[in-house]
Amino acid sequence: MSFSSLVQDLSIRDSNNSGNAAARRPPPGSISTVDDRRSQISRAMSYASTTATSVSISGDISSQLHGGYFHPLARTWQAERQLTKSMLIYPLFITDGDDDMILVPSLPGQHQLSVSRLTSFLEPLVHKGLRSVILFGVPMKAGTKDALGTAADDPEGPVIQAIRLIRRRFPQLYICTDVCLCEYTSHGHCGILRDDGSLNNQLSVDRISDVAVAYAKAGAHCVAPSDMNDGRIRAIKLKLIEEGIAHKTTLMSYSAKFSGCLYGPFREAAGSAPSFGDRKCYQLPPSGRGLARRAIIRDVGEGADILMVKPAGQYLDIISDAKELAKDLPIAAYQVSGEYSMIYAAAKAGVFDLKAMAFESTESILRAGATIVVSYFTPQFLDWLDN
Ligand SMILES: [Zn+2]
């Protein structure tokens, strides 16, 4: 109904009314005054506004939300946590080659780098605001791998050399080191094996805690065991205390690391695919929410300083659980290689815009409860977050 026809409609209705309304009407035959006309318009406006309100509000006034987020700035205020550069950790694959800068085909835009290439690679990123990296060693030389993963803490190996170089060249950069054996073992599993092919938990924990201490002594700010052996957080913490470096080493536990099919591109990048079997007996089963909760509680008790959930996007409920169970610890989440490559592939296929999905997927990780995100999108975010 148009406004003018509404005014007309009300006049007709008034003229047909009886009782009090009729008593207020001018006597028949008198000419309608300007005041009468104004009064009709004002009543029509009030009637229209009441009609509109009753259409859009069914019940409570709290149903009206749009006013809170119509403006771009007001939309950012809806987030409990805003993505900032300092939340991002960038994964780096460090080879033992002399002059490597090799694109990883299944991980678009990501490289395997030798230590010699690190300075020139990191310089522009640090300039743009990169705050933290996590290092993965990629031994490529023949004969480097063995059953014990001896090369993991080789002082001349890629990780320890990279830690030393980064501390020297980029003292402002916070260095995390992944701690595991799978990149260095001939069998590609995350520990030392028994004859039957299963993990020997005690030997594995002994070895992995030694590796963690070696990285910390070389200057890593943070050691992050990803092996999923039982009890490794406690073992590492105790050794860090014994060595007198617990006060300057963050222990970030991959507490809830799920097995699954999202690690393919990483294994190509790190050369860490198991030569037989899989990791389902030590990484968590994708449906195992209760197990993840137990692992989180355990690692808090064993002395973890940060908890990590991995992968991220498919496990937002676990991130939320971690935030609830470990209220006083920072929660990290690793958006893993398969998540990153899927986003890239879908963007390439025209499903969505790459930047839009990079933000959407990362912001949902923050919404779930994480304040630290290990992300292959880090270099792009350093640009995007400036704009
Ligand atoms: Zn591993």
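Let's start with the nonpolar core. The largest one has 97 residues. A nonpolar core here is a set of buried Ala, Val, Leu, Ile, Met, Phe, Trp, Tyr and Cys residues joined through C-beta atoms within 7 Å. Buried means 20 or more other C-beta atoms within 10 Å of a residue's own; exposed means 12 or fewer, partly exposed is in between, and C-beta atoms are placed from the backbone. Tyr215, Ile319 and Ala333 have the most contacts inside this core. Helix 7, residues 201–218, gives the most to it, with eight residues.

A word on the source. This is a predicted model: local features need pLDDT of at least 70, side-chain atom pairs count only at pLDDT 80 or more, and totals for chains, interfaces and linings use all residues. Residues are numbered from 1 along each chain as its sequence is written.

Now the whole chain. There are 14 helices and 10 strands. These are DSSP runs, numbered from the N terminus: helices are H or I with at least four residues, strands are E with at least two. Of the 387 residues, 39% are buried.

Which residues does Ile319 touch, leaving aside neighbours within four places in sequence? Val309, Ala312, Ile331, Ala333, Ile365, Ala368, Gly369 and Ala370. Contact means C-beta atoms, placed from the backbone, within 7 Å.

Ile319 also sits in a helix pair. Helix 11 (residues 316–325) and helix 13 (residues 354–368) cross at roughly 35°, and their axes come within 8 Å. Axes are lines fitted to C-alpha atoms, for helices over the stretch in contact; angles run from 0 to 180 degrees between N-to-C directions. Helix 11 brings Leu316, Ile319 and Ser320, while helix 13 brings Ser364, Ile365 and Ala368.

Back to helix 7. Helix 7 packs against helix 8, residues 232–242, at about 45°, with the axes 9 Å apart. So helix 7 is oblique to helix 8. The cut-offs: under 35 degrees is roughly parallel, over 145 roughly antiparallel, 65 to 115 roughly perpendicular, and the rest oblique. On the helix 7 side, the contact includes Val205 and Ile208; on the helix 8 side, Ala235 and Leu240 are among the residues.

Last, two backbone details. Most residues other than glycine have a negative phi, and most peptide bonds are trans. Where is Met228? In the loop between strand 6 (222–225) and helix 8. Met228 has a positive phi, near 75°. Met228 is buried, with 24 other C-beta atoms within 10 Å. The peptide bond from Lys310 to Pro311 is cis, with omega near -5°. Pro311 lies in the loop between strand 8 (306–310) and helix 11.

Conventions:
Two residues are in contact if their C-beta atoms, placed from the backbone, lie within 7 Å.
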